[in-house]
Amino acid sequence: MNLAIRDIRYHRGRFILTSIGLGLLLGVVISMGGIYRGLIADALAILNANRADIWVVQQDTNGPFAESSRIPEDIKYRIAAVPGVAAVSPLALQTIQIERNGKPFRFFLIGYGMGSFGGPPSIIAGRNISQKHYEMVVAKSMKIGLGEKLRLGQNEYTVVGIAENIVSSSGDPAAYVTLADAQDIQFKKSNHAIRNERTKIAAGADAIATFSQQQADFLANNIIAATESTHTVNTVMVRLDAGADLKQVQERIQRWNYLRAISDAEQTTILSKGMIEKARMQLGLFRAILLVISGVIISLIIYTSTLDKIRVIATLKLIGSQNRVIIGMILQQSLLMGILAYGIGYAVILLTYENFPRRIVLEAFDLQALFVIVMVICTFSSFVGIRKALKVEPAEALGG
Amino acid sequence: MYAVEVDNLTKIYGKGETAVTALQDADFKVKRGELVAILGPSGSGKTTLLTCIGLINEPTHGKVVIDGITVADEGWQGGIDLKRMRREKLGFIFQAHNLIPFLTAQENVMVALEINGLKRFEAKQRSVELLDALNLGHRVNNYPSALSGGESQRVAIARALANRPRVILADEPTAALDTENGRNVMDLLKKLAVENNSAIMVVTHDHRMVENFDRILEVSDGRIVAEKSNV
């Protein structure tokens, strides 16, 4: 006869309520793991979507995601000529925050070269960008309808397509425009600023006494052209020919002293280890604390439940019950509570995780590992109750 | 062979100056089928006597023999499994019946049988037989909270009888019952003592019940001061 099941059956209301409370706590633990996995998935989303072999960035930087990186756009032609390079695509990346419907609206803007790779991975509504200017594709999670217009910088952009959810390394949804538009949004100054700078440059050139007016104009025009150019990108993605030597291509690109060629594996390390390490530790610590709290709660519940059963245990001992019967009753109750609580926690997260503001990724390994941990905690937690039960004397069953 | 033999049984609680002698030089034998009352005021040592025979309290001195097996002789005898002895040779009935609240009447009887190694099916069958015999056939699926005091005590008796023990020890089994139910329980114990050939020892201070017993042991200040036979 299973005494644990019978006790639970008799006190099912109390058992279920306790398990729900514990289950919600375990749900938080599960969600913490999911948030951590979501952080990694988010951090690597753009990497995985583009499948580049090399990310060419500004020298001595870990760009373009972990650090700022700026390189001239025309370097793409030289990189494309390196032996082993199959295709290149420059990207201009920028986090943008605008006002929309009276609320701050934040997203990650990706400018990519039309006809090259690096664009939206899959369009689920509308179409891809087909004009060089003023069209954009947005991630589904931005909740912007087709045909809506967004003002970015000095121009308005029409949403022509909705892409599957893709996010930046910090979890902001991504939107796509052409490279030229992204460069304008990121680098083009306002008309007032341009006029002001032109006047300053012309005045400076005119002030050079040894220059003729013609020489001063020539110098001023060249400086203006250089400062007003928007042909800058944050990175150039490189795909290699089949069988090309990654190291060799990296070395060739890095011979130009102002570039760094980061392999996809290195970029993954930069993003997963560097950028989210602290978040990982924070979440890990939080999970550990919650598990300790769960352990303490289970211990208290089992201990209290054992105290409630002192007379039952004494009676069982008096009628000759073996210790294993009593230990089994307490241990099984603890484990059953753990299983039920885990199931409740898992179900709650499964039903709600899509509504979390950040991505939750539930991985089978994490869930299985947590289940094992919960079982271990339940086993250890039941020891306090078992210890108490084993100390109960059969004589306690006697008397009124 | 006697069901219970007690020889110079002494129980002292504590040591040195704080030592209290709860029982001193108790000496008696109980035959199978005999119904014996242990009578005495509160604190006289009757429950101590019961717990020493029930293998719950280790005697300080003296000898206890249950169904021919010496379980204590100047302390517990080595090699004796006290739990097994309690399971197989002894049955207990309490004042507060001590039924397990989360088990039905039938399960309360079955638990004693299963602890003693009986298969589930056999335990089920025997528990129904026992409860039927005690007129509780209609209450098998009721929890103790749904039973009256008399019914609960009868379930406790069924549990005590489940493993056909040689000795049944009852601690104030009628104290929580009204006169009629108390008398019914005593009649039942008397009947069972004969039918099962078990020795039944009942601790009581209820003098109204003494006529039901074959023998009365009167305990006072830890000593058996009088022994009276009704046979």
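Which residues line the second largest cavity? I found Ile30(A), Gly33(A), Gly34(A), Arg287(A), Val361(A), Leu362(A), Glu363(A), Asp366(A), Leu367(A) and Leu370(A).

I noted the basis of the entry: this is a predicted model, where local features need pLDDT of at least 70 and side-chain atom pairs count only at pLDDT 80 or more, while totals for chains, interfaces and linings use all residues. Residues are numbered from 1 along each chain as its sequence is written, chains are lettered from A and ligands numbered from 1 in the order in which they are written, and side-chain values use heavy atoms, with hydrogens and water left out.

I took a cavity as a set of points, on a 1 Å grid over the protein atoms alone, where a 1.4 Å probe fits but cannot get out; a lining residue has an atom within 4 Å of a point. Points are joined across faces, edges and corners, and the volume is the space filled by probe spheres set on them.

I counted 2 cavities of 30 Å³ or more. In chain A, α2 (12-50) and α12 (364-391) each give at least two residues to its lining; helices (H or I, at least four residues) and strands (E, at least two) are DSSP runs numbered from the N terminus.

I then turned to the largest cavity, with about 90 Å³ of space. Its lining includes Ile319(A), Arg86(B), Phe92(B) and Arg159(B). I saw that β6(B) contributes the most, 3 residues.

Terms used
1 Å grid on protein atoms, 1.4 Å probe; cavity = no way out; pocket = protein on both sides within 12 Å on 5 of 7 lines; lining within 4 Å.
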